[in-house]
Amino acid sequence: MGPYAEGFAIPRGLIHHLTGFGNAHHCDVSEAAFRLGRKYVEREFGEAERTAQQAEDADKARVLAARRTTETLYKVHPFSPPELVDEGSRSWFGTCRAAEKISWAEARVISLGFSRHLDGNVLSLTLEREDHIIFADIRDEKKITFNIFKSPPKKSKRLKKGSFDFLDSIKHDLQSKFEERLSTALLLF
């Protein structure tokens with residue numbers, strides 16, 4: 001067995017040249033080879049891949065529709081449709097609040113003076129002030145997001161007045177800290 005029994009190492013610079021990675025100029029020969037390869041794969045497998053993707057998308061849509069009829073939906077915006085606990089950015093980052101922590105977050109928001117509205121399976125937590133309405137979004141794992149809108153809400157370009165987060169780690173003087181952050185958010189926007 002020689003020193004190359006496991007194969008040869010390709011220098012990083014050559015890989016960068018062949019693939020056009022980083023600041024390196026893409027090799028014209030490898031670019032043509034990749035283009036031919038992509039065309040072949042598309043010709044041979046493209047239709048089957050599109051059909052499989054459409055079937056997968058249809059399955060996901062059916063599952064989502066079924067979940068929307070049985071699980072709680074959260075309304076966090078006056079004109080946007082309500083969402084499941086793991087929809088939106090939470091689905092990208094996997095940071096939605098566990099089911100057993102949702103009731104804790106809901107109680108925390110209610111202790112700040114918010115009203116709980118349940119219409120079928122759509123839950124909204126709101127606080128109305130003289131010229132603003134604040135929606136609480138309790139779905140994030142370690143924080144509650146408060147979205148501030150002009151009241152009464154009207155569809156316009158500048159509907160949202162602002163937002164701020166309230167970390168779960170805040171333990172003391174919740175009401176005064178909430179009011180302070182709300183005032184700051186109203187001044188900034």
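Here is a short tour of the nonpolar core, a hairpin, the salt bridges and a surface patch.

The structure is a predicted model, so local features need pLDDT of at least 70 and side-chain atom pairs count only at pLDDT 80 or more, while totals for chains, interfaces and linings use all residues. Residues are numbered from 1 along each chain as its sequence is written, and side-chain values use heavy atoms, with hydrogens and water left out. Helices (H or I, at least four residues) and strands (E, at least two) are DSSP runs, numbered from the N terminus.

**Nonpolar core**

- The largest nonpolar core has 23 residues; such a core is a set of buried Ala, Val, Leu, Ile, Met, Phe, Trp, Tyr and Cys residues joined through side-chain atoms within 4.5 Å.
- Buried here means under 20% relative accessible area, exposed means over 50%, and partly exposed is in between (1.4 Å probe, protein chains only).
- V109, F114, I138, F146 and F178 have the most contacts inside this core.
- At least two core residues come from each of α4 (99-111), β3, β4 (132-137), β5 (143-150), β6 (160-167) and α5 (174-188).
- Helix α5 gives the largest share, four residues.
- Beyond its neighbours within four places in sequence, F114 is in contact (heavy atoms within 4.5 Å) with V109, L125, T126, L127, I134, F135, A136, F146 and F178.
- As background, nonpolar side chains tend to be buried together in soluble globular proteins.

- Opposite S115 stands T126 in β3.
- Two residues lie between β2 and β3 in this hairpin, and G120 in the turn has a positive phi of about 70°.

**Salt bridges**

- The whole structure holds 13 salt bridges, each being a side-chain nitrogen of Lys or Arg within 4 Å of a carboxyl oxygen of Asp or Glu.
- D165 and K143 form one of them, with the closest N and O atoms 3.2 Å apart.
- Because D165 lies in strand β6 and K143 in strand β5, this pair ties together parts that are 22 residues apart in sequence.
- Both partners are partly exposed, D165 with a relative accessible area of 34% and K143 with 26%.
- R50 and E47 are three residues apart in helix α2, so about one helical turn separates them.
- R50 is partly exposed at 39% relative accessible area, whereas E47 counts as exposed at 52%.
- R62 forms a salt bridge with D59, and here the closest N and O atoms are 2.2 Å apart.
- R62 and D59 also lie in helix α2, three residues or about one turn apart.
- R62 is exposed at 52% relative accessibility, while D59 is partly exposed at 40%.

**Surface patch**

- Y40, V41 and F45 make a nonpolar surface patch of about 300 Å².
- Patches are made of residues with over 30% relative accessible area and no salt bridge, with like charges joined within 9 Å and nonpolar side chains (Val, Leu, Ile, Met, Phe, Trp, Tyr) within 5 Å.
- Accessible areas come from the Shrake-Rupley method with a 1.4 Å probe, and for residues only the protein chains shown count as cover.
- F45 lies in helix α2 (residues 28-70) and is partly exposed, at 48% relative accessibility.

Methods
Two strands pair if DSSP finds at least two bridges between them.
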